[in-house]
Amino acid sequence: MTFIQLGLNQQLQDNLTALEYEKPTPVQEKAIPLILQGRDVMAGAQTGTGKTGAFALPIIEQLVKAPRADKAVRALVLTPTRELAQQVKKSFKRYSKGTDLFIELAYGGVSLNPQIDALKNGCDVLVATPGRLLDLLFKGTFDLDALQFLVFDEADRMLDMGFIVDIKRILKRVPDSRQTMLFSATFDDAIIDLSKRLLNKPELIEVAQRNATASQIEQIVYNVDEDKKRELTSFMIGSKNWQQVLIFVRTRQGADVLAKEMCKDGVKTAAIHGDKSQGARDKVLEEFKSGKTRALVATDVAARGLDIAQLNYVINYELPYIAEDYIHRIGRTGRAGNAGHAVSLMSIDEEWLLEEIEAIIGDKLPQAWYPGYEPDLTKTSSVKKNSKSAQKRRTRERASGKRQSGSNKHRNRSGGRRR
Ligand code: AMP
């Protein structure tokens with residue numbers, strides 16, 4: 001299948017050739033014809049599959065066919081984070097080069113007035129985060145009455161971040177006649193519920209197994225003591241000469257501390273998280289992309305939407321509390337066919353989190369001990385007997401009838417690599 005066969009106009013094809021896209025990715029191949037036919041679409045596509053092109057290309061194709069009325073917004077793309085919004089806008093700009101489409105951006109954390117000004121005559125495509133879009137709509141400088149296309153990008157994350165109320169408010173302001181597309185890395189009941197409200201007889205597109213991780217990513221879990229994680233991280237990056245490594249932690253403070261400590265180890269590292277201003281985040285990202293910094297420590301929210309070409313290594317310094325985040329995290333690597341490596345560092349207290357991840361991806365992840373950083377087997381889990389996690393673990397153990405999991409696993413050593 002080629003982009004010509006998909007029916008995209010010559011200008012779009014030239015732009016894709018300039019971007020060195022040889023052929024559509026699977027999600028593009030499936031979604032583009034359906035969207036061009038006017039169908040609502042619900043797509044389960046992971047990050048890195050080319051999902052932005054899957055909605056942007058057919059939208060652009062249709063927008064260039066007719067002029068925009070004054071003050072109208074013709075396409076609206078909602079994203080959970082500013083980084084993803086910026087990324088989506090950039091993709092629209094690239095794909096629509098040479099056309100006279102106006103692509104605008106609206107997200108919070110920066111002053112409102114320039115965005116009000118930019119939008120006073122409407123635009124062809126508005127990429128926005130939900131909260132800021134509502135602020136702008138309340139100002140009344142433009143409306144969504146003429147909206148033709150509505151896209152929810154990373155809808156699962158939007159729900160995780162509590163945007164459901166905002167989404168409902170936005171829905172009251174868009175016409176029923178619109179065409180709606182929903183993209184989500186994972187499908188759970190909340191997403192299915194949302195889709196029923198948003199979509200009209202949608203076509204379901206699944207390009208990868210549900211809740212599956214991208215197959216071209218090599219995944220490994222190292223059992224390591226919590227207090228050895230930083231040293232191991234710096235050692236792996238240094239000794240294997242890894243460049244552009246994205247490291248995930250759970251908290252903003254944890255991100256700052258780890259970045260500082262790794263700098264002391266001699267690995268140039270920066271942190272990106274929601275406590276930093278937009279300007280600071282942009283700068284950190286630019287330095288990471290250009291190779292000035294070698295490692296970037298991120299929280300889950302901050303990492304959403306980061307599109308960094310040829311990112312080969314992701315380290316889960318801490319396993320995520322929300323198992324779906326594992327899929328999002330490792331989706332940062334192995335993008336558009338590049339090989340990727342996802343390394344997870346798991347302390348004894350985190351074993352129950354791995355079980356949740358494995359339940360979601362429907363597969364066991366290989367575990368190993370990193371030579372020189374083997375866990376101290378005299379240590380036992382510090383997860384308190386009655387903590388939520390311990391209760392969860394006990395419930396699961398009872399349910400599966402095996403008491404072998406947990407700390408005993410560490411004692412089953414039979415050589416370096418297990419499973
Ligand atoms: P996305 O999943 O939309 O974030 O895209 C992930 C990466 O794949 C981006 O760097 C895109 O530029 C790239 N990409 C998207 N579509 C294609 C394609 N058809 N061929 C090659 N690369 C692509």
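Reader: Is W352 buried or exposed?
Author: W352 has a relative accessibility of 9%. This is a predicted model, where local features need pLDDT of at least 70, side-chain atom pairs need 80 or more, and totals for chains, interfaces and linings use all residues. Numbering runs from 1 along each chain as its sequence is written, and side-chain values use heavy atoms, without hydrogens or water. Buried means under 20% relative accessible area, exposed over 50% and partly exposed in between, with a 1.4 Å probe and protein chains only, so W352 is buried.

Reader: How many aromatic pairs does the whole structure hold?
Author: Rings of Phe, Tyr and Trp (its six-membered ring) pair if their centres lie within 6.5 Å; planes under 30 degrees apart are stacked, over 60 edge-to-face, the rest tilted. A search of the whole structure gives nine.

Reader: Which kind of pair do F235 and Y373 form?
Author: Their centres are 5.7 Å apart. The planes make 40°, so the pair is tilted.

Reader: Which kind of pair do Y321 and W352 form?
Author: The centre distance is 6.4 Å. The planes are 25° apart, so the pair is stacked.

Reader: Is Y321 buried or exposed?
Author: Relative accessibility is 53% for Y321. That value makes Y321 exposed.
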